[in-house]
Amino acid sequence: MIVVTGGAGFIGSVLAAHLNQRGHDDLLIVDHLGTGEKWKNLVGVRFVEYLDKSEFLPRLEAGAFNGQIAAIFHLGACSATTQHDADYLIENNYRYTERIARWWERHQEVRFIYASSAATYGDGKQGYDDDQSSLTRLRPLNMYGYSKHLFDLCAQRNGWLDRIVGLKFFNVFGPNEYHKGDMKSVIAKAFPQLKAGEPMRLFASHRSDYGNGEQKRDFIYVKDAVAMMLFFLENPTIGGIFNIGTGCARTWNDVARALFLALNKPERIEYVPMPELLREKYQYFTQASMEKIRSV
């Protein structure tokens, strides 16, 4: 059995569908559906059981799944960069992951792959190199990134990183993110607006070294990210922290032009002031270093 936490979410549901395509129908999906539309991401997925995240962890620790689990993809987390409840993020993102890892420590025949984040890199002054020896130098800009960083440090401190895999996702976009509200990729947000004839609205730059819309991100299509994830499932002897990106940063203006071209519409871009709350926490440039993942 393969466990996918966050399995009804954006990346998790695409991963589950690809596991099905590879003949894995023995999936245990863990998530919290609530009252939203996230359940729709599971409609085409084949799995043997669904558990709420509050039920899964106690059952795991009580030994309910001992001898049944071949792998755990732990993708479940609060990914809202605007979430300010630090206690909630510590419990939900860090402690939950640590408790799964403590269980794995007693069951190391199970492949354990977890989601970290490129948000752990902060403003990028330390670069975007996934060399785990430099983890202690990273300074995340928001509490979400810090909650992810805490587990990376925990895994390093406990000597787990030669046997488990942490994935630092960059700007992932694609199908099944429709339920994410404000946390959707700009691509998913903008497409229906541009289709309806509205302009592309991008944050103006508040730094002299970047023009408006010239801020850069490493955008990666979700199915490419999933292909990288499945590589680590199929190569269980590889451990460590790895970037999940393309290694090629593109500007927001590039994204806008691509969307207008896809829709066969004339370019209309408006630059709006960045909210004060974001200005000190905004990443102007991200680009994954890909040498490490290519080397394996």
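**View 1. Arg 201 and the residues around it.** Leave out residues up to four places away in sequence, and Arg 201 touches Glu 270 and Val 272; contact here means heavy atoms within 4.5 Å. This is a predicted model, where local features need pLDDT of at least 70, side-chain atom pairs count only at pLDDT 80 or more, and totals for chains, interfaces and linings use all residues. Residues are numbered from 1 along each chain as its sequence is written, and side-chain values use heavy atoms, with hydrogens and water left out. You'll find Arg 201 in strand β8 (residues 200-203). Helices (H or I, at least four residues) and strands (E, at least two) are DSSP runs, numbered from the N terminus. With a relative accessible area of 43%, Arg 201 is partly exposed, on a scale where buried means under 20%, exposed means over 50%, and partly exposed is in between (1.4 Å probe, protein chains only). Its side chain also makes a polar contact with the side chain of Glu 198, at 3.3 Å. A polar contact is a pair of N or O atoms within 3.5 Å; within protein, one must be able to donate a hydrogen and the other to accept it, and residues adjacent in sequence count only if both atoms are side-chain atoms. Arg 268 is 67 residues from Arg 201 in sequence, yet their C-alpha atoms are 8.7 Å apart in space.

**View 2. Inside the largest nonpolar core.** A nonpolar core is a set of buried Ala, Val, Leu, Ile, Met, Phe, Trp, Tyr and Cys residues joined through side-chain atoms within 4.5 Å. The largest one has 72 residues, and Phe 56 and Phe 151 touch the most other members. Helix α6 (residues 222-234) gives this core its largest share, 8 residues. Another core lies apart from it, with 16 residues, including Met 200, Val 255, Phe 260 and Met 274. Back at Phe 151, look for its contacts with Tyr 94, Thr 97, Glu 98, Ala 101, Phe 112, Tyr 114, Trp 160 and Ile 164, leaving aside neighbours within four places in sequence.

**View 3. Helix α3, with a bend.** Helix α3 (residues 86-105) has 20 residues, so at 1.5 Å a residue it should span 28 Å; its end C-alpha atoms are 27 Å apart, which agrees. The expected span is 1.5 Å times one less than the number of residues. At Arg 95, α3 bends by about 30 degrees, taken as the angle between axes fitted to the seven residues ending there and the seven starting there. Buried residues of α3 include Leu 89, Tyr 94, Ile 100 and Trp 104. Among the elements covering the buried residues of α3 are β2 (27-31), α2 (53-61) and α4 (143-157). Where α3 starts, a side-chain oxygen of Asp 85 comes to within 3.3 Å of the backbone nitrogen of Asp 87.

View 4. The 13 residues of α6 should span 18 Å at 1.5 Å a residue, and its end C-alpha atoms are 19 Å apart, which agrees. Val 222, Ala 225, Val 226, Met 228, Met 229, Leu 230, Phe 232 and Leu 233 are buried in this helix.

**View 5. Strand β11, covered on both faces.** In strand β11 (residues 240-244), 5 of its 5 residues are buried. Gly 240, Phe 242 and Ile 244 sit on one side, with Ile 241 and Asn 243 on the other. Strand β6 (residues 165-169) pairs with β11 in the parallel sense over 5 bridges; strands count as paired if DSSP finds at least two bridges between them. Opposite Ile 244 in β11 stands Phe 169.

View 6. Glu 291 belongs to helix α9 (residues 291-295) and is exposed, with a relative accessible area of 56%. The side chain of Glu 291 makes a polar contact with the side chain of Ser 289 (2.6 Å). Asp 131 is 160 residues away from Glu 291 in sequence, but 9.9 Å away in space, C-alpha to C-alpha. The backbone oxygen of Asp 131 is 2.8 Å from a polar atom of the side chain of Ser 134. Ser 134, in the loop between β5 and α4, counts as buried at 12% relative accessibility.

**View 7. Two asparagines with a positive phi.** Most residues other than glycine have a negative phi. Asn 176 has a positive phi of about 75 degrees, and Asn 264 has one of about 55 degrees. Asn 176 lies in the loop between β7 (171-173) and α5 (186-195) and counts as buried at 19% relative accessibility. Asn 264, in the loop between α7 (252-263) and β13 (269-272), is exposed, with a relative accessible area of 73%.
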